[in-house]
Amino acid sequence: MTAGPGVLALEKVHKVRLDDERRFELEVPAFLVRQGDRIALLGRSGSGKSTMIEVLAAALRPEAFGSFMIQHPEEEAPRDIAAAWEADDDDYLSATRARCFGYVQQVGGLLGFLTARQNIALSLAILGDKESSAVEELAETLGLERHLEAYPAALSVGERQRVAIARALVHRPALVLADEPTGALDLGTAQQVMGQLTETADAWGSTLVIATHDRQLAEDFGFRLIEAEIAIEERSQWTRFTCLDG
């Protein structure tokens, strides 16, 4: 797979989190994602992978940041997230997240009072698109046709993850972010779900960044591995992620 033009680029990001037990610092000197990339953030539990995913999704504002641009392939100009953070422009940030990002949580994050169809269509509804045939297309691709009117409680864990994948892709985002998307699955189901995630993202033109502790699974599906660099002191942890071409 050959990576294409830049989708996401950020520089000089620094995020601090504090609790009663410790101080956590995330540093991102530079992070570049190109169209068609598959990137896996690797690290043990508690290493900061989820925090990194939240930052990449523009859902968590860092204390310090240089630049942060996201480019949707259907738009002429990139969106400047750093400028929106600087201006406290929540409306712009919300619109950018809705248009440019898709998100898959470890256990799906589905709304239990909505059917599978309604959960998948949620991203479209936020964008004001209620007539799209994309829900049915993705349901067929992911083998969910007979489950569209079912509620999450009636689905298996693997089926719920497939619904979450469909919801993340249905609006054709520039970037799909997945936080331990197979962490709650057995090995066989994890292989199946990861295969469906990567193949469907490719078919729908979305780029993938995942957080995972499963190096072998990431390697099996052709992800470029970005290791967490970690330093731990008595009551503090410092983590760095860097991703550049090459």
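1. Alanine 58 sits in the loop between helix 1 and strand 4, the latter spanning residues 67-70. In this predicted model, its phi is near 60°, a positive value in a residue other than glycine. That deserves a look, because most residues other than glycine have a negative phi. Alanine 58 is buried, with a relative accessible area of 3%.

2. A second residue of this kind is aspartate 88, whose phi is near 55°, again a positive value in a residue other than glycine. Aspartate 88 belongs to the loop between helix 2 (81-87) and helix 3. Is aspartate 88 buried or exposed? Aspartate 88 is exposed, since its relative accessible area is 54% and the cut-off for that word is over 50%.

3. Strand 1 (residues 6-18) and strand 2 (residues 23-34) pair in the antiparallel sense over eleven bridges, and a hairpin of four residues leads from strand 1 to strand 2. Within this pairing, arginine 17 has phenylalanine 24 of strand 2 as its bridge partner. Strand 2 is also joined by five bridges to strand 11 (residues 236-240), and these two strands run parallel. There, glutamate 27 stands opposite arginine 240 of strand 11.

4. Strand 7 (residues 175-179) and strand 8 (residues 207-212), which run parallel, are joined by five bridges, and aspartate 179 stands opposite alanine 211 in strand 8.

5. Helix 4 covers residues 116-126, and its buried residues are Ala116, Asn119, Ile120, Ser123 and Leu124. Seen down the axis of helix 4, these residues fall within an arc of 155°, so they line one face of the helix. The spacing can be read against a general rule: an α-helix has 3.6 residues a turn, so residues three or four places apart point the same way. The buried residues of helix 4 pack against helix 5 (134-141) and helix 6 (157-169). Just after helix 4, glycine 128 takes a positive phi of about 85°.

6. The largest pocket holds about 470 Å³ of space. Which residues lie nearest its centre? Of the 17 residues that line the pocket, those nearest the centre are Arg97, Phe101, Gly102, Tyr103 and Ser123. At least two residues of the lining come from each of helix 1 (49-56), helix 3 (90-100), strand 6, helix 4 and helix 6.

Methods:
Residues are numbered from 1 along each chain as its sequence is written. This is a predicted model: local features need pLDDT of at least 70, side-chain atom pairs count only at pLDDT 80 or more; totals for chains, interfaces and linings use all residues. Side-chain values use heavy atoms; hydrogens and water are left out. Buried means under 20% relative accessible area, exposed over 50%, partly exposed in between (1.4 Å probe, protein chains only). The arc is that of the directions from the helix axis to the C-beta atoms. Contact means heavy atoms within 4.5 Å. Two strands pair if DSSP finds at least two bridges between them. On a 1 Å grid over the protein atoms alone, a cavity is a set of points where a 1.4 Å probe fits but cannot get out, and a pocket is an open set with protein on both sides within 12 Å along at least five of seven lines; lining residues have an atom within 4 Å of a point. Grid points are joined across faces, edges and corners, and a volume is the space filled by probe spheres set on the points.
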